Amino acid sequence: MKILVPVKRVIDYNVKPRVKADGTGVDLANVKMSINPFDEIAVEEAIRIKEAGKATEIVAVSIGPAKAQETLRTALAMGADRAILVQTDDEVEPLAVAKILKAIAEAEEPGLILLGKQAIDDDSNQTGQMLAALMGRPQGTFANTVDVDGDSVTVKREVDGGLETVKLSLPAIVTTDLRLNEPRYASLPNIMKAKSKPLDTKAPADYGVDTAPRLKTHKVTEPPVRQAGIKVADVDELVAKIKALGIA
Ligand code: AMP
């Protein structure tokens, strides 16, 4: 079985995003970019499934600028076998990403497509669901545990108040949640080896997908500055203050 893992190049999660002065978006100039954390978890899970002898090949895919090659090399250094870069300098919205992934999946025929539950830059949480709908495949979102067994996969999903278990027949689409696993660090020899693993470069037009935006961003603003807190002398004063707020 082949596993397809879409990985997005996003602003590093440790970086505090700065809004552009004209309010049109987030300033990405000279900002550290990394693999989307949920996608790193997806790569790790794919490697574990392969290590368990339940998959034969892991293909990482990224849709983005030439620099997204670095993101793909990260996935290759962790243990993916080969990569596909669908190169574009345009911002590609989830629907167009899902259409490109559908075309790639039709060519590659993976048994499992493992995506992140959301990209931490747009916070859309849409691509996996749209892909499942476009392909007419079963989906297990917000995966906390993934267990491939023969021609099905059992996914424990993180839902409000606990876990929900679903069993999907393969081929299927799974999106990862934070507690699925702890991704490994790539070792130096593996980083070196990743440089010679195959990386194909394509364009959205190769898949017949129009990436023109369908959404218009009106304005991006900084979140309101948090008000300073106050120190209370003791528990009695704290209780009195909470009562005064009317929440106790
Ligand atoms: P989103 O729906 O934008 O929150 O993204 C959900 C998941 O879709 C991400 O965690 C990735 O696995 C995948 N994805 C979204 N955009 C891209 C992209 N440009 N390239 C590769 N994968 C992507």
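The lining of the largest cavity divides into five nonpolar, one polar and four charged residues. In this classification Ala, Val, Leu, Ile, Met, Phe, Trp, Tyr, Cys and Pro count as nonpolar, Asp, Glu, Lys and Arg as charged, and the others, Gly among them, as polar. The model is predicted: local features need pLDDT of at least 70, side-chain atom pairs count only at pLDDT 80 or more, and totals for chains, interfaces and linings use all residues. Residues are numbered from 1 along each chain as its sequence is written, and side-chain values use heavy atoms, with hydrogens and water left out.

Rolling a probe the size of a water molecule over the atoms shows where empty space is left. Here a 1 Å grid over the protein atoms alone is used: a cavity is a set of points where a 1.4 Å probe fits but cannot get out, a pocket is an open set with protein on both sides within 12 Å along at least five of seven lines, and lining residues have an atom within 4 Å of a point. Grid points are joined across faces, edges and corners, and a volume is the space filled by probe spheres set on the points. The structure holds one cavity of 30 Å³ or more. The largest cavity has about 60 Å³ of space, and its lining includes Glu93, Lys99, Asp210 and Arg214.

The second largest pocket has a volume of about 590 Å³. It is lined by 22 residues, of which Tyr13, Ile35, Glu40, Pro183 and Tyr185 are the closest to its centre. Two or more lining residues come from each of β3 (33–35), α1 (37–51) and α2 (68–78); helices (H or I, at least four residues) and strands (E, at least two) are DSSP runs, numbered from the N terminus. The largest share, four residues, comes from α1. By class, the lining of this pocket has 13 nonpolar, four polar and five charged residues.

Next comes the ligand. It is surrounded by 19 residues, and the closest are Asp39, Ile63, Ala119, Asn125 and Thr127; a residue is near a molecule if one of its heavy atoms lies within 4 Å of it. By class, this shell has eight nonpolar, eight polar and three charged residues. Of the elements, β4 gives the largest share of the shell, three residues.

A polar backbone atom of Pro6 is 2.9 Å from a ligand oxygen. For Asn36, an N or O atom in the side chain is 3.1 Å from an oxygen atom of the ligand. For Gln126, a backbone N or O atom lies 2.8 Å from a ligand oxygen.

Two places in the backbone remain. Most residues other than glycine have a negative phi, and most peptide bonds are trans. The peptide bond from Leu170 to Pro171 is cis, with omega near 0°, and Pro171 lies in the loop between β9 (162–169) and β10 (172–176). Glu109 has a positive phi, near 50°, and is placed in the loop between α3 and β6.

Note on methods: A polar contact is a pair of N or O atoms within 3.5 Å; within protein, one must be able to donate a hydrogen and the other to accept it, and residues adjacent in sequence count only if both atoms are side-chain atoms.
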